[in-house]
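Please find below a short note on the model under review. The points follow the structure shown here.

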Amino acid sequence: MSQYQSDLLRVLDERGYIHQLTDAAGLESLAAKQVVPGYIGFDATAPSLHIGSLVQIMMLRRLQQAGHKPIVLMGGGTTRIGDPTGRDESRKMLTDATIDENIAGIRTVFDRLLTFGDGPTDAVMVNNQDWLGGLGYIEMLQKVGTHFTVNRMLTFDSVRLRLEREQPMTFLEFNYMILQGYDFRHLAQEMGARLQMGGSDQWGNIVNGVELGRRMDGAELFGLTTPLLTTADGAKMGKTAAGAVWLNEAQLPAYDFWQYWRNVDDRDVGRFLRLFTDLPLDEIARLESLEGAEINQAKIVLANEITALVRGAEASVSAAATAAQTFAEGGTGEDLPSLSVGANGMRIGAILTALGFTASNGEAKRKVAEGAVRLDDAAVTDAAHLVAIAPGETARLSLGRKKHAVLHS
């Protein structure tokens with residue numbers, strides 16, 4: 001049973017979102033009295049976010065479900081600098097046009113998961129370039145710079161760890177935390193924002209914003225972070241051997257997105273159902289208690305629910321049908337990744353690498369030698385095997401039990 005009384009904090013607590021809170025009692029009191037506008041910032045470094053950001057997006061969804069107002073802050077301004085947190089090298093500079101295109105791509109996921117509009121609890125999306133872009137350098141130093149000491153800034157993990165590893169940090173990156181703190185102050189003044197949320201690695205930046213609002217305006221602001229999200233085997237969420245698990249269809253087909261969740265570790269099922277679906281907690285408890293082969297049914301529910309939320313119900317149904325056809329019925333499934341081998345055919349090793357099933361031809365050779373590669377359910381024993389397919393025909397390539405593709409001429 002949750003220790004919190006407000007719907008907001010009770011739901012966040014019961015579903016596993018809360019790691020740190022600046023003032024739990026104060027936020028509880030505020031949530032009981034009024035609609036709390038809360039925000040999370042997302043930099044636009046790519047045309048899609050990946051699943052490492054999904055817990056933050058879902059937290060905005062929980063905020064709205066509890067009767068409060070989500071503010072999606074797109075970092076059109078801060079993307080031009082790059083958050084140094086957890087990085088050993090500077091991000092490459094992006095053009096204004098690329099940043100705008102990335103924001104447009106990212107917006108599509110939020111449109112599915114939040115209700116936007118002009119109402120008191122409707123979500124809004126804002127871009128910090130709108131106010132950071134107009135700040136003069138001297139004005140910024142005078143208004144904001146005096147509230148930050150270099151001594152303290154050097155203690156933050158984003159700076160300290162980079163310096164300890166003797167990796168350079170530019171003066172531009174060093175200013176990121178100041179601008180993030182200023183974002184909170186601006187949103188508090190202009191939109192009534194009272195709460196900033198984020199991952200645990202953002203704690204120092206969030207506290208900066210809380211303190212800046214208090215020092216400059218006497219405002220009572222709050223911060224909340226989520227636990228560092230890793231899989232049961234210790235891997236960071238959002239990355240796989242084949243690359244990032246993107247939220248947008250253009251970067252990752254719905255079938256591959258669905259398949260990622262279908263293949264999660266048994267130990268992660270309950271936690272992911274709480275974080276990433278709207279299923280009732282008692283139903284989640286039932287699903288995570290399943291044992292043996294039955295836990296696979298819970299994984300299918302997990303994959304169906306998350307894919308429906310992020311990609312839409314139609315994409316979820318189609319991906320599930322493709323999986324059933326591929327695994328249970330031995331078919332090819334129209335949503336499987338496909339590759340043309342051309343009129344002259346392709347070597348099996350090159351096919352595996354071209355599909356992203358292996359990172360190199362060397363890895364492809366090892367997989368073939370291990371007996372992990374099958375073509376139309378027949379084992380392939382030679383990495384140099386030439387796959388030639390007649391016009392109008394197809395073949396199914398499998399790597400292990402979880403990776404499948406359709407080959408055609």
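Which residue in strand 6 does G198 stand opposite? G198 faces T225.

1. Basis of the model. This is a predicted model, in which local features need pLDDT of at least 70, side-chain atom pairs count only at pLDDT 80 or more, and totals for chains, interfaces and linings use all residues. Residues are numbered from 1 along each chain as its sequence is written, and side-chain values use heavy atoms, with hydrogens and water left out.

2. Confidence. The protein chain has an average pLDDT (the predictor's confidence in each residue, from 0 to 100) of 87, and 93% of the residues score at least 70. Confidence is lowest in strand 7 (residues 239-240), with a mean of 64, and highest in strand 3 (residues 69-74), at 98. Helices (H or I, at least four residues) and strands (E, at least two) are DSSP runs, numbered from the N terminus.

3. Six strands form an open sheet in the order 1-6-5-2-3-4, with mixed pairing. Strand 1 (20-21) and strand 4 (124-127) are at the edges with a single partner strand each, so one side of each has no neighbour in the sheet. Strand 5 (residues 195-199) pairs with strand 6 (residues 222-226) in the parallel sense over 5 bridges; pairing requires at least two DSSP bridges between two strands.

4. Helix pair. Helix 3 (residues 54-65) packs with helix 13 (residues 269-276) at an angle of about 50°, their axes 9 Å apart. L54, V55, M58 and R62 in helix 3 meet R274, L275 and F276 in helix 13, where contact means heavy atoms within 4.5 Å.

Conventions: Axes are lines fitted to C-alpha atoms, for helices over the stretch in contact, and angles run from 0 to 180 degrees between N-to-C directions.
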